[in-house]
Amino acid sequence: MGRRKKLINNTDIPQHQIEAIARCILPDILAFYESEEGQREFSEWKKQREIEKQGAKTE
């Protein structure tokens, strides 16, 4: 049997409310990243992150 991952919630928001919000917005997030615009933005984000990593290595 797998062990359940311990959740980290450092807010005053109850965990069940966080999970309810996540269930509501997850389909929209998935639809965005599956869209052409989402794919383009994600690709740009990855490129920017790689540039930042390269800058950190040279310092």
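Author: Gladly! Let's start with W45, which counts as partly exposed at 45% relative accessibility. The general idea is that buried means under 20% relative accessible area, exposed means over 50%, and partly exposed lies in between, using a 1.4 Å probe and protein chains only. A word on provenance: this is a predicted model, so local features need pLDDT of at least 70 and side-chain atom pairs count only at pLDDT 80 or more, while totals for chains, interfaces and linings use all residues. Residues are numbered from 1 along each chain as its sequence is written, and side-chain values use heavy atoms, with hydrogens and water left out.

Reader: Which ring is stacked with that of W45?

Author: Rings of Phe, Tyr and Trp (its six-membered ring) pair if their centres lie within 6.5 Å; planes under 30 degrees apart count as stacked, over 60 as edge-to-face and the rest as tilted. Here a search of the whole structure finds three aromatic pairs. In one of them, Y33 and F42 are edge-to-face, with 6.0 Å between centres and 85 degrees between the planes. In the pair you ask about, the ring centres of F42 and W45 are 5.7 Å apart and the planes meet at 20 degrees, so this pair is stacked.

Reader: What do F32, Y33, F42 and W45 form together?

Author: They form one aromatic cluster. Within it, Y33 is partly exposed at 40% relative accessible area, and F42 is also partly exposed, at 35%. F42 and W45 both lie in helix α2, three residues apart, or about one turn of the helix. Helices here are DSSP runs of H or I with at least four residues, numbered from the N terminus.

Reader: Which residues make the contact?

Author: Contact means heavy atoms within 4.5 Å. F32, Y33 and E34 of α1 meet E36, E37, G38, Q39, E41 and F42 of α2.

How values were computed:
Helices (H or I, at least four residues) and strands (E, at least two) are DSSP runs, numbered from the N terminus.
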